[in-house]
Protein chains: 2
Amino acid sequence: MGNSSGAEGSGEQRAAVRRVTVVGAGLIGTSVALALRSRDVDVTLSDPDPASLRLACDLGAGRPLEESADPSSAPADVAVIAAPPAAIPSVLRASQDRGLAHVYTDVASVKASVLAEAERLGCDMATFVPGHPMGGREKQGPGAARADLFLGRSWALCPTGKADPQAIAAITEIARLCGADPLVLDAGVHDRAVALVSHAPHVASSAVAARLVSGDDAALTLAGQGVRDVTRVAGGDPAMWSEILTHNAAPVAEVLHEVAADLAATADALRALAAGGSAEEVLAPVADLLERGRSGHGRIPGKHGTVQRPDYTVIPVVIPDEPGSLGRLFAAAAEAGVNIEDVRIEHTPGLPLGVAQLYVLPAAVDTLARALSADGWSVHPGA
Amino acid sequence: MGNSSGAEGSGEQRAAVRRVTVVGAGLIGTSVALALRSRDVDVTLSDPDPASLRLACDLGAGRPLEESADPSSAPADVAVIAAPPAAIPSVLRASQDRGLAHVYTDVASVKASVLAEAERLGCDMATFVPGHPMGGREKQGPGAARADLFLGRSWALCPTGKADPQAIAAITEIARLCGADPLVLDAGVHDRAVALVSHAPHVASSAVAARLVSGDDAALTLAGQGVRDVTRVAGGDPAMWSEILTHNAAPVAEVLHEVAADLAATADALRALAAGGSAEEVLAPVADLLERGRSGHGRIPGKHGTVQRPDYTVIPVVIPDEPGSLGRLFAAAAEAGVNIEDVRIEHTPGLPLGVAQLYVLPAAVDTLARALSADGWSVHPGA
């Protein structure tokens, strides 16, 4: 129970975080819980939805918080409130009132409005250190959670001047235990930053995706990887994103206004060209935008931050589109002693065949390719 | 040399494509060449840049075309002109004049302007079948080429009424040999489609990325996967994209104008909120855009390629991280008579458990959940 793992015992002057309660077993809360469990932290979970809570616990994210526990039972070291922005201040206040933990943090992607409302509700700001881990997915719920969701990512901390240094140290340790890089910054600076690198890009993605509603089927059939990437985040939950944008309205509006102006200028230039204008005269704003776009793209830090994820190799295998084919494929892989780390299935409409993209560790590629080929599969390593 | 592989000898009535010349050893040309080589097609390559040509050949994409060959030497079955749009008509004309091949195609992402210029230059339109494989990367050059770049993608063919049926059959076979799904459509329809699903999204990506130029370092440090995806294509070559946009100006302008209008309306609504407006009154356009964005995103063909994809239900199943677990799971599904339409595996390195997200038809959910539960699996429908 009180045993610390090897990593915790390394002698750095770090806050001891041994018992954590995660309030909210959605994607982020469950991912935090999984990451902490992988570092031997004792984690209890709560969620108003029993199905989510059960799945999170079955995944090994922790055990259910005893909601009716003796109020004199020992508080956790940290409570992580993984609720939507609008709910955080009241959940925080209630958690502090019942003495759930010594220190509190949240994971919302907006900070200034959450802080202001928490102050208004009379929360104890000495023990609250707002946080924002920069990991997310377009999928929701505990089933999409991953212990490595924050690996190598930044984790913003936005303590007010009232926060205890010990509280800041504890939440810094939470970020580190999840494999993230803690970064302390002002809530207003944070909110303008995420408007630029997250919220406005999300809206732009939605605006591109919204055009597809009226596209004909042939157009959609021509969709390639580019538009899939540009519009991936547009698949996110509209209600959740409405709430986020509402809580960061002014900074997001500022960025969106500039994006809209650039696009309108580009549209005007292309129209002038189509109407017979000379390319030299009208296309300067187009070329300028493309150049600025490449420069801005180049400023994004390296793909996975500082921490390297394992580099999987992809092996395409042609599969018949019929019940049992994937089972036979995975059985053949298991017989070869190779673990499939991930799989993507590409299927072509009207064709009886698909492609399973098998993700394996590089050391396993040759073994698997040989075994599958010997078993009669159409294997394309290196393709 | 003339030996056809097993797949080619399957007896379907397909055009015989055994010798291909690829003119232009960039990303697309080299990828086509690699894909053809993997199907035992004899490929010769040419490129005005000797380094690109050498690299492509070293990668196994083919052997250099003998530029000074005896003009009476046998023409290739097909010449694939993988040059920028502005260069294609003149390269086509020169290639036809020297009798390089029996049939010609190109790979440019714009078609109407290329066709018009080819006609103007007096090219033989009976042997020219314009093409556009829907594969690409933000990287350029033969070093970024992949034999599987077109695997499972659409490959648009835009023959004019003058094209020989045999020529269309030969280019259809080129697409199939590259693992793509050939799709014949009108050049104007094609150009409007790619404006919607490729060219306008590219410009929008650039406009989002352009905002990052003026972001401070802290903001960039907070960049997560979302903005990376939205701006990935903005890393593409500005000169190449300027040329593409120039050749498809009117359709792209139309889409961009609408995207800009949606973004401006969203910015206005968020500003009104920040200025004290009530959320109920000002946020309708924001919620509407997010909803339309999700709808549009949902229209992009899934891994199964169908435009109107059936609504699959996702069943999360907890799986141990060990060889054979997926095989056992799929075997259990097959035994229940249920076809798994798609699968995603959520797995965290270092944790003993993962989640298989099984995509099945809604009618199969109960059957599968009961069968898997009875077989001892931790099944979580509805989570």
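**Reading the labels in this model**

Modeller: Asp40(A) sits in the loop between helix H1 (27–38) and S2 of chain A. Keep in mind that this is a predicted model.

Colleague: Why does Asp40(A) count as partly exposed?

Modeller: Buried needs 20 or more other C-beta atoms within 10 Å, and exposed needs 12 or fewer. Asp40(A) has 15 C-beta neighbours inside 10 Å, so partly exposed is the label.

Colleague: What is the phi of Asp40(A)?

Modeller: Phi is positive, about 65°, although Asp40(A) is not a glycine.

Colleague: Where is Asp40(B) found?

Modeller: In chain B, the loop between helix H1 (27–37) and strand S2 (42–46) holds Asp40(B). Its phi is positive and near 65°, again in a residue other than glycine.

Colleague: What makes Asp40(B) partly exposed?

Modeller: For Asp40(B), 17 other C-beta atoms lie within 10 Å. That value falls between 12 and 20, so Asp40(B) is partly exposed.

Colleague: On to the sheet. In what order do the 5 strands of the open sheet in chain A stand?

Modeller: The order is S3-S2-S1-S4-S5, with parallel pairing.

Colleague: Why do strand S3 (63–64) and strand S5 (101–106) of chain A stand at the edges?

Modeller: Each has a single partner strand, so one side of each has no neighbour in the sheet.

Colleague: How do you know that strand S2 (residues 42–46) of chain A pairs with S3(A)?

Modeller: Pairing takes at least two bridges. S2(A) and S3(A) are joined by 2 bridges, so they pair. Leu45(A) has Pro64(A) in S3(A) as its bridge partner.

Colleague: Now helix H14 (residues 365–374) of chain B. Which residues are buried there?

Modeller: Leu368(B), Ala369(B) and Leu372(B) are buried. They lie on the same side of H14(B), because they cover an arc of only 95° around the axis.

Colleague: What covers the buried residues of H14(B)?

Modeller: The cover includes strand S9 (313–320), helix H13 (325–335), strand S11 (353–360) and strand S12 (378–379) of chain B. On the face turned away, Asp366(B) and Ala374(B) are exposed.

Colleague: Last, the two chains. How do helix H6 (residues 187–211) of chain A and helix H10 (residues 249–274) of chain B cross?

Modeller: Their axes come within 9 Å and cross at roughly 135°.

Colleague: Why is H6(A) called oblique to H10(B)?

Modeller: Roughly perpendicular ends at 115 degrees, and roughly antiparallel needs over 145. The crossing angle is roughly 135°, so H6(A) is oblique to H10(B). The crossing is right-handed.

Colleague: Which residues of H6(A) and H10(B) meet?

Modeller: Among them are Val203(A) and Ala207(A) in H6(A), and Val255(B) and Leu263(B) in H10(B).

How values were computed
Residues are numbered from 1 along each chain as its sequence is written. Chains are lettered from A and ligands numbered from 1 in the order in which they are written. This is a predicted model: local features need pLDDT of at least 70, side-chain atom pairs count only at pLDDT 80 or more; totals for chains, interfaces and linings use all residues. Helices (H or I, at least four residues) and strands (E, at least two) are DSSP runs, numbered from the N terminus. The arc is that of the directions from the helix axis to the C-beta atoms. Two residues are in contact if their C-beta atoms, placed from the backbone, lie within 7 Å. Axes are lines fitted to C-alpha atoms, for helices over the stretch in contact, and angles run from 0 to 180 degrees between N-to-C directions. Angles under 35 degrees count as roughly parallel, over 145 as roughly antiparallel, 65 to 115 as roughly perpendicular and the rest as oblique. A crossing is left-handed if the near helix is turned anticlockwise from the far one by less than a right angle, and right-handed if clockwise.
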